Amino acid sequence: MAVFPTRKRRGPIEAEDALAGWVFIAPALIVLTVFVFWPIAQVFWVSFHEWSLIEPGRPFRGLANYRDLFSDPDFEIALRNTIWFALGVVPVQTFLGVLLAVLANRAIPGKAFFRTAFYFPSISSSVVISVIFIWMYQQNGLINFGLRAIGFGTPQPPWLSNPKGVIEMLLNAVGIDNVTPWLAGPSVALASIMMMNIWTTMGSMMVIFLAGLQGISGDLYEAASIDGANKRQQFFQITIPMLRPVIFFVTTLGFIGTFQVFDQIFVMTPGGSPVKTTLTLGYLVYEEGFRGFAMGMACAIAVVLFLIILSIYLIQRRFIKESGLD
Amino acid sequence: MSSSLTRSRSSRRSVVKGGAALGGLGLLSARGSAFAQDASPSASPAGEAPVSVVAERASGEVRMAGSGDAIGQEITAAQLAGFAAKYPNITVTYENIPAEYLVQIQTAIAAGNAADVFFVQNEFAQDFMSRDVLLPIDDYMAEDGITADMYYTPLVNAYTWQGALYGLPKDWSPIGAVYDPAAFESAGIEMPTTWDELRTALQALKDATGQTALALDPNFDRFVIFMYQAGGNTTNEDVTEITLGSPEVTQALEYFYGLYTDGLSATSVDIGAGWPGDAFVQGLTSMVFEGNWMFPTLNDQAPDKEFAVAELPSGPAGPGTPAFTQAYSIFSGSQNPDAAWVLTNYLTSVDGVREMMPYGLALPALPALEGEFLELFPERAPYLAAGEYATSVQYGPGGQTFATDANAVLQSLFAGQIDVTEAQAQLVTAAENNITLN
């Protein structure tokens, strides 16, 4: 009871403050609710229904869409391709991003030119780049021309039509046949798209790492060199540890981006051709929702995709926290 | 890569879009001269649409949606001008959907905002009809004296669902053979007319020219050529049973795959072309099986190339070819169905179709216009002849995702990952997983 009067005295002021707070954030809150929170909630809602865009009847199905999903061979194929895509692209683009950033951070002539050149693919339209790569990957395209010019054979069928798994090809070469689909690795076609994806994204990664590099105090390097550390030791003992939060950020972005890949598949290998080896979860959402008239199923895939990305993020965050860098 | 082009060319979108660059001016004048005299109603009594009864009571505004490139929109504009002159009571607003038509039209329907009249391609017509998205037009047809037999039968079949008709075909194309007559002459052969003759001819062409004579891709909408010719189909006519496991389909798969493994056909990717038509234009093959969109392509990319046209060789069950078509249909939620019908009727009638014909982008769906069309484009007679025996390319509701799966199966077959028996089993599974049976 003794506390009550004080609370009562503060009450109106608190309420007034709270009201003012809500009023101030109202515009942003309304916009976010209408364009972000509501659609997200809608995705979950739709995923529990049998839902086609063009039918008024949308019966509730509970978790049936999810059950169907996990017995759908296409889902397994898409999940497999997407995981290979992410595992192939993220480490390489991160590694190349660091490498380019370190190079572009040095006092080399034409530094601005190189920075711009490396960043250029990231700011170009991915559709335009995809179309250019379609030409380059063709039978008589630039890449095969280059391979022939330096005396190599060219893959047959050409890059984007080749459904053979790259790991499977290596295993076959050492005499191991009958590789399971999960072990076969990304197909040559998917690997070709992965290479293009790495090429387009490493520039953005470079820019982020550049910012990270410039945030590292020069004192550390100075102190290290006084202690007798050579360049290599400085790189592994100072640069990399100091870049840890940036690496976390970049790989998180990388996983989100690669798990959602759609546009490049849509332009370069529609239908996930050849033999569905480029069918990704993002593409399957489109295929089910718009061409299969099963928006409920499409939303269920989107929810699963969301959960996958969320768990990768949480695992990474925990990993980073445990190493004391939060 | 090529498959993106292959697919867009081989799908029905190309009926409208395939000939983007066909010169407009020359054709416009051709239209002027060819049709100025014919425009009066008495000129062609056989195909003249009777005066619309529904039009007497129809008025107000109608929205119409379609998908056209610059020339497609020009054609539509000309048709709508003709409509406005004939039916001044009805105002039409045209909305062009340049790309991703199916996605856009679905979202418009979901939002309750779809146009009253819109294009429906035969590949998704069954999905729409089975979901009651379209208005049955049988009553309107009876009222205005329009009968289904005014159109080629396979095209009307494409828009018939459980006894009702849901759209009138605006144009179409079958698959025909386009070949290089010089290569045929050097090989000393005539256009083959049976499966056996086709194999012999392709071998002779290969011996004479040193290159694979036929470009044929592992796409289900090309495989159906052989399936229909063998007497097979994906489902029975009522879509109550999947019939892909039949011996006819086995025979078709064996023949289709045999052409490829025996080096008689090659995929466009194998020979470095974007799609089979591109292979022919570049002179990489002496024959392709493609649709009417070959003509604008040839006109545009290789105007001097010599070519000849023929009906496809017949299979064990007789002649057969897939028909790609699109119709005008009325949205079942239309607020002004009377006016929507008058518009649909006009656009698919002799008057409306005449506006489109001189461009040559697609074939008229009305047999009554056959003579006029062949006067303009005599070389296309073999294509029109297929109106008698073509089969509308439709696989049942869910046919589009089935086609994606079926393409993957055929790609897997051509890549040597599976044999014909396994491929057929996988096609059956794909059909069971995707096609909704009645």
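In chain B, one aromatic cluster is formed by Trp195(B), Phe220(B), Phe223(B), Phe226(B), Tyr255(B), Phe256(B), Tyr257(B), Tyr260(B), Tyr395(B), Phe402(B) and Phe414(B). The model is predicted, and the values below are computed from it.

## Aromatic rings

Over all chains, the structure holds 46 aromatic pairs. One of them is formed by Tyr140(B) and Trp341(B), which are stacked, with 5.7 Å from centre to centre and 5° between the planes. This pair links distant parts of the chain: Tyr140(B) belongs to helix H8 (residues 138-144) of chain B and Trp341(B) to helix H16 (residues 337-347) of chain B, 201 residues apart. Tyr140(B) has 10% relative accessibility and therefore counts as buried. Trp341(B), at 0% relative accessibility, also counts as buried.

Phe223(B) and Phe256(B) are arranged in another way: their ring centres are 5.4 Å apart and their planes stand at 65°, so the pair is edge-to-face. Because Phe223(B) lies in helix H12 (residues 220-229) of chain B and Phe256(B) in helix H13 (residues 247-261) of chain B, the pair ties together parts that are 33 residues apart in sequence.

In chain A, the charged end of Arg80(A) sits over the ring of Trp182(A), at 5.7 Å from its centre. In chain B, the charged end of Lys170(B) sits over the ring of Phe119(B), at 4.4 Å from its centre.

## Strands of chain B

Strands of a sheet pair through backbone hydrogen bonds, in either the parallel or the antiparallel sense. An open sheet of 5 strands in chain B has the order S9-S8-S10-S7-S11, and its pairing is mixed. Strand S9 (265-266) and strand S11 (308-310) of chain B stand at the edges with a single partner strand each, so one side of each has no neighbour in the sheet. Within this sheet, strand S8 (residues 214-215) of chain B runs parallel to strand S10 (residues 287-290) of chain B, and 2 bridges join them. Leu214(B) has Met287(B) as its bridge partner in S10(B).

Strand S3 (residues 117-121) of chain B is mostly covered, with 5 of its 5 residues buried. S3(B) pairs with strand S1 (residues 60-66) of chain B in the parallel sense, over 2 bridges. In that pairing, Val117(B) of S3(B) is the bridge partner of Met64(B). S3(B) is also joined by 5 bridges to strand S12 (residues 322-330) of chain B, and these two run antiparallel. Here Gln121(B) has Gln326(B) in S12(B) as its bridge partner.

## Salt bridges

The structure holds 18 salt bridges over all chains. The table gives some of them.

| Salt bridge | N to O distance |
|---|---|
| Arg131(B) and Glu55(A) | 3.1 Å |
| Lys276(A) and Asp74(A) | 2.7 Å |
| Glu143(B) and Arg57(B) | 2.6 Å |

The side chains of Arg131(B) and Glu55(A) meet in a salt bridge. This pair crosses between chains, from Arg131(B) in the loop between helix H7 (122-129) and H8 of chain B to Glu55(A) in the loop between H1 and helix H2 (64-70) of chain A. Arg131(B) is buried, with a relative accessible area of 15%, whereas Glu55(A), at 25% relative accessibility, counts as partly exposed.

Lys276(A) forms a salt bridge with Asp74(A). It joins distant parts of the chain, with Lys276(A) in the loop between helix H11 (263-268) and helix H12 (281-291) of chain A, and Asp74(A) in helix H3 (residues 73-104) of chain A, 202 residues apart. Both Lys276(A) and Asp74(A) are buried.

Glu143(B) forms a salt bridge with Arg57(B). Glu143(B) lies in helix H8 of chain B and Arg57(B) in helix H4 (residues 54-57) of chain B, so the pair ties together parts that are 86 residues apart in sequence. Glu143(B) counts as partly exposed at 32% relative accessibility, and Arg57(B) is partly exposed with a relative accessible area of 44%. Elsewhere, Lys86(B), Asp351(B), Arg354(B) and Glu372(B) are joined into one network by salt bridges that share partners.

Note on methods. Residues are numbered from 1 along each chain as its sequence is written. Chains are lettered from A and ligands numbered from 1 in the order in which they are written. This is a predicted model: local features need pLDDT of at least 70, side-chain atom pairs count only at pLDDT 80 or more; totals for chains, interfaces and linings use all residues. Side-chain values use heavy atoms; hydrogens and water are left out. Two strands pair if DSSP finds at least two bridges between them. Helices (H or I, at least four residues) and strands (E, at least two) are DSSP runs, numbered from the N terminus. Rings of Phe, Tyr and Trp (its six-membered ring) pair if their centres lie within 6.5 Å; planes under 30 degrees apart count as stacked, over 60 as edge-to-face and the rest as tilted. Buried means under 20% relative accessible area, exposed over 50%, partly exposed in between (1.4 Å probe, protein chains only). A charge sits over a ring if NZ of Lys or CZ of Arg is within 6 Å of the ring centre and within 35 degrees of the ring normal. A salt bridge is a side-chain nitrogen of Lys or Arg within 4 Å of a carboxyl oxygen of Asp or Glu.
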